[in-house]
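Colleague: Could you take me slowly through this model, one question at a time?

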Amino acid sequence: MSAGTAKLNVTVAEVKPINDLVTRFKFVRTGGGGLPTFSGGAHTVVEMQDGDITRLNAYSLMSNPADRGAYTISVRRDDQGRGGSKFMHSKVKEGMEMVISNPVNLFSLDLRAKKHLMLAGGIGITPFMAQMHQLAMMGGRFELHYSVRTASLGTYAKELTERYPGKVHVYHDDQKEAIDLPALLANQPLGTHVYVCGPKGMINWVHGTASEMGWPREAVHSEEFLAPASGKPFEVKCAVSNKVVQVGEHQSLLEALEAAGIDAPYLCRGGACGQCETNVIGYDGKFLHHDHWLTDEQKAGGKHIMPCVSRFEGKTLVLDR
Amino acid sequence: MSKTEFPPSIKSRPVYGELEARPGGGHLMIADAEGAEAILDLAKTVDKDFWAKAHIIYIPKKTGTKYSSQLEALGAGQYYCGPSYEAAQSRIRRALQDCHMGTQVYLTGTESLMGQAMYEATSAGIPHTAIQTEHRGSTARRMQCVHCKGITEDVTTDPFECSHCGLSLFVRDHYSRRIAAFQGVRVDAEDPGNIPEKVELFK
């Protein structure tokens with residue numbers, strides 16, 4: 001399919017369980033050779049052949065961006081999810097050949113910043129690992145505040161504390177430890193940029209607190225990939241390709257378009273990048289917008305939809321695809 | 001009124017807004033001449049607590065003491081009144097060095113003042129889109145000669161003579177944030193000696 005970025009054929013070089021929830025995967029280029037360099041914060045979309053279903057999930061690259069020998073990702077198992085992370089945990093073995101996308105970065109460091117303040121929650125640590133590699137190489141100034149549920153689920157907390165002494169601060173939920181965000185933000189020197197990756201609540205908390213404290217919008221960065229929501233099946237008419245497509249209960253609109261052979265662009269598949277924005281030609285029903293790309297006005301306007309995460313309920317939906 | 005409506009121009013030409021009090025850990029206000037009016041207008045919308053966290057740096061230029069006593073009376077945590085931008089520059093730099101993220105920066109007065117203070121604030125790490133500006137007073141321009149690179153302040157006519165190399169320069173709307181100046185280009189480069197009559201464009 002031509003819809004995403006260029007594809008890379010890779011071989012799984014290592015599968016390593018890190019704790020009860022997280023497993024780490026290492027990919028090398030099939031047949032040898034180097035992989036493209038990337039910048040800290042980039043993700044890759046991993047294609048999973050799960051029987052008849054092709055699953056495509058975006059995962060942050062956590063390895064050293066300058067290391068062209070291998071890419072590393074960490075996958076948190078989500079038993080309530082749609083099956084992508086479970087596939088990674090149960091079916092992917094060392095030596096297996098897979099297809100991943102070229103790296104795309106929707107969460108890059110702002111290199112004009114004089115200091116980088118990173119806030120991670122749970123598996124949200126992974127993009128920061130590549131960014132910290134990058135900053136350590138450049139001699140950049142950074143500090144990480146990492147919130148984890150328990151010490152045993154503190155993915156990479158120990159190794160990061162050892163690798164970057166004095167720069168990594170870990171907070172354990174089970175010990176009632178919490179990031180004192182107002183105090184942390186109040187004392188940052190001018191030119192600091194703050195980055196947050198974690199659950200939605202944490203991201204909103206950081207954006208809201210920073211804004212109340214007078215931080216410029218441009219100095220606050222976040223990344224959250226959404227899993228496509230399940231919902232009632234619906235039918236879509238595609239005006240350009242003249243096809244009628246059924247979207248299943250656990251299938252996203254984007255996946256349904258792809259399954260029907262319709263060329264639909266994407267980069268993140270998580271409601272963040274805007275690449276899959278599609279014009280709505282006509283509809284009779286209501287949109288279930290789940291993305292964080294369209295503005296509230298656009299969402300209410302009924303002229304656009306993000307097929308990667310958003311759904312529709314109603315009689316007819318006609319798209320410009 | 002000392003407010004000016006600037007006609008639409010090319011993209012690099014700065015546009016200015018209207019100052020409004022925003023939440024923040026501190027308020028750094030830098031103004032010259034009639035810029036004081038914008039701060040006095042803003043003062044009508046805030047309560048006394050606002051000024052405890054404020055630092056006003058004011059350069060009266062030709063307005064003398066017309067506004068300075070009113071500004072001083074606002075009761076800002078710090079108030080400085082200086083004879084020129086150059087004299088105030090080290091104070092501006094130091095103020096920016098000492099403040100934290102969340103400090104709001106308000107610039108008002110002439111384009112020269114706003115442009116130069118904007119350069120200091122962005123160099124200190126504040127995104128330029130987060131800095132508030134409001135134009136008040138003279139529309140005279142700070143111009144850079146593209147030939148000798150010399151800067152001439154308070155240019156009011158087009159063309160004007162470069163105060164460094166003496167060439168007659170056409171006043172362009174091309175603006176550089178790095179040097180906080182508009183660009184002046186030799187007006188008779190193609191036809192030496194053919195210099196159009198001066199028009200007073202700015203006051």
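Colleague: How many salt bridges does the structure hold over all chains?

Modeller: This is a predicted model, in which local features need pLDDT of at least 70 and side-chain atom pairs count only at pLDDT 80 or more, while totals for chains, interfaces and linings use all residues; side-chain values use heavy atoms, with hydrogens and water left out. A salt bridge is a side-chain nitrogen of Lys or Arg within 4 Å of a carboxyl oxygen of Asp or Glu. By that rule, the count over all chains is 29.

Colleague: Which residue forms a salt bridge with D50(A)?

Modeller: D50(A) sits in strand β3 (residues 42-50) of chain A, and its partner sits in helix α1 (residues 84-91) of chain A, 41 residues apart, so the pair links distant parts of the chain; helices (H or I, at least four residues) and strands (E, at least two) are DSSP runs, numbered from the N terminus. The closest N and O atoms are 3.9 Å apart, and the partner is K91(A).

Colleague: How many salt bridges are there between chain B and chain A?

Modeller: The side of chain B that touches chain A has eight nonpolar residues, eight polar and no charged, where Ala, Val, Leu, Ile, Met, Phe, Trp, Tyr, Cys and Pro count as nonpolar, Asp, Glu, Lys and Arg as charged, and the others, Gly among them, as polar. Between chain B and chain A the count of salt bridges is zero.

Colleague: What is the area buried between chain B and chain A?

Modeller: Buried area is the accessible area (1.4 Å probe) that two parts lose on being put together, summed over both. Carbon and sulfur atoms give 62% of this area between chain B and chain A, and H100(B), M101(B) and P127(B) supply 48% of what chain B buries against chain A, more than any other three residues. The whole area is about 1200 Å².

Colleague: Which residue is joined to D158(B) by a cis peptide bond?

Modeller: Most peptide bonds are trans. Here omega is about -5 degrees, and the bond is cis. The residue in question lies in the loop between β8 (157-158) and β9 (160-161) of chain B, and it is P159(B).

Colleague: What is the phi of K149(B)?

Modeller: Most residues other than glycine have a negative phi. K149(B), found in the loop between β6 (141-145) and β7 (151-155) of chain B, has a positive value, as does A180(B), with phi near 55 degrees. For K149(B), phi is near 70 degrees.

Technical notes:
Residues are numbered from 1 along each chain as its sequence is written. Chains are lettered from A and ligands numbered from 1 in the order in which they are written.
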